[in-house]
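Here are a few notes to read alongside the model.

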Amino acid sequence: MLKAVQNLGCSSGFLSQLWKKAHHNTTCGLSSIAISTNPLSNSASTRTRRRHPTTTKLDSFISPVFSTRGTRSERPSRVCETRSESNPDATTSPSSSSAGNVSKINFCQWCGGPTKHDIPDGEEKMRAICTVCDKIAYQNPKMVVGCLIEHDKKILLCKRNIEPSYGLWTLPAGYMEIGESAADGAIRETWEEAGADVEVESPFAQLDIPLIGQTYVIFLAKMKKPHFSPGPESSECRLFDLDDIPFDSLAFSSIFVSLNLYIDDIKSGKLKFHYGTINKRPGSSPSDMHAFSLDNHLQC
């Protein structure tokens with residue numbers, strides 16, 4: 001079981017490299033953490049973008065050290081969740097309707113023809129197959145990338161100026177775009193949402209959310225200059241002392257989890273890389289204040 005979880009946690013490129021360096025003489029901590037949360041969002045809608053040359057410094061990874069972590073008791077609830085963390089339109093569109101955690105696609109994205117829902121030959125899952133051109137619409141998870149920025153022992157947060165989670169606080173983050181690396185996307189999103197010119201220092205967390213088909217990759221970063229200002233999607237940007245982080249006003253479960261893991265690492269005196277799965281609890285509703293748990297938690 002542990003080996004299977006290790007393979008899952010190291011599926012991405014930088015994760016596999018990190019794992020290879022430490023796998024020879026170390027062990028990995030596995031735990032299941034129950035966390036009450038609220039979901040995230042970074043709109044994929046058209047936005048006014050700030051142009052910014054992305055630069056990445058990934059040659060200074062934190063040395064991977066593995067340790068065993070026990071189960072954390074459930075925390076008090078924070079903020080109720082919405083259906084989708086990063087895309088307010090993730091569950092509804094003109095050509096699809098919600099079907100559990102997979103959208104039911106009714107029209108072909110290539111020719112516009114009607115689709116049928118069937119299991120293609122040689123596959124195991126139901127797919128949307130065009131009845132005109134026979135093309136199969138595959139639905140794949142989206143990657144959200146962002147930065148956890150520490151400056152003078154404070155963390156930079158942005159107050160959302162858009163729905164969902166309008167008026168709540170989040171790390172600067174958003175969808176990775178075609179043609180950019182995860183780190184470059186995180187740098188770009190930080191510039192657009194917080195007006196901060198940052199340099200990525202190391203990956204910090206990969207958090208998968210299977211229910212909504214999203215993976216969050218959060219990087220530790222530092223500001224090149226001590227300057228930041230809210231972009232179009234933010235009404236305010238502020239540095240918070242760790243003890244003053246507004247956990248009762250955070251936008252999303254992924255941000256709640258990331259900040260808690262960071263604070264735990266700071267208290268332990270060693271920053272780690274974290275992998276985990278944020279799972280919706282069976283039978284819970286989207287507004288359930290105890291909707292998520294962090295499972296298969298690995299620390300490197």
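Is Phe204 buried or exposed?

1. Phe204 is buried, with a relative accessible area of 0%. Please keep in mind that this is a predicted model.

2. Three aromatic pairs turn up in a search of the whole structure.

3. Another edge-to-face pair joins Phe247 and Phe256, with 5.7 Å centre to centre and 85 degrees between the planes. Phe247 is buried at a relative accessible area of 12%, and Phe256 is buried at 1%.

4. Now for the largest nonpolar core, which has 34 residues. The members that touch the most others include Leu148, Ile155, Leu171 and Leu259. Among the elements that each supply at least two residues of this core are β7, β8, β11 and α4. Helix α4 gives the most, with seven residues.

5. Ile155 is worth a look in your viewer. Beyond its neighbours within four places in sequence, Ile155 is in contact with residues including Leu148, Leu171, Phe240, Ile245, Leu259 and Tyr262. Another core, of 18 residues, lies apart from the largest one; among its members are Val145, Leu156, Val198 and Cys237.

6. Finally, take Arg160 in strand β8. Arg160 is buried yet has no salt bridge, and Glu233, the nearest side chain of opposite charge, is 5.1 Å away. A polar atom of the Arg160 side chain does lie 2.8 Å from the backbone oxygen of Pro164.

Definitions and conventions: Residues are numbered from 1 along each chain as its sequence is written. This is a predicted model: local features need pLDDT of at least 70, side-chain atom pairs count only at pLDDT 80 or more; totals for chains, interfaces and linings use all residues. Side-chain values use heavy atoms; hydrogens and water are left out. A nonpolar core is a set of buried Ala, Val, Leu, Ile, Met, Phe, Trp, Tyr and Cys residues joined through side-chain atoms within 4.5 Å. Buried means under 20% relative accessible area, exposed over 50%, partly exposed in between (1.4 Å probe, protein chains only). Helices (H or I, at least four residues) and strands (E, at least two) are DSSP runs, numbered from the N terminus. Contact means heavy atoms within 4.5 Å. Lys and Arg count as positive and Asp and Glu as negative; His and the chain ends are not counted. A salt bridge is a side-chain nitrogen of Lys or Arg within 4 Å of a carboxyl oxygen of Asp or Glu. A polar contact is a pair of N or O atoms within 3.5 Å; within protein, one must be able to donate a hydrogen and the other to accept it, and residues adjacent in sequence count only if both atoms are side-chain atoms. Rings of Phe, Tyr and Trp (its six-membered ring) pair if their centres lie within 6.5 Å; planes under 30 degrees apart count as stacked, over 60 as edge-to-face and the rest as tilted.
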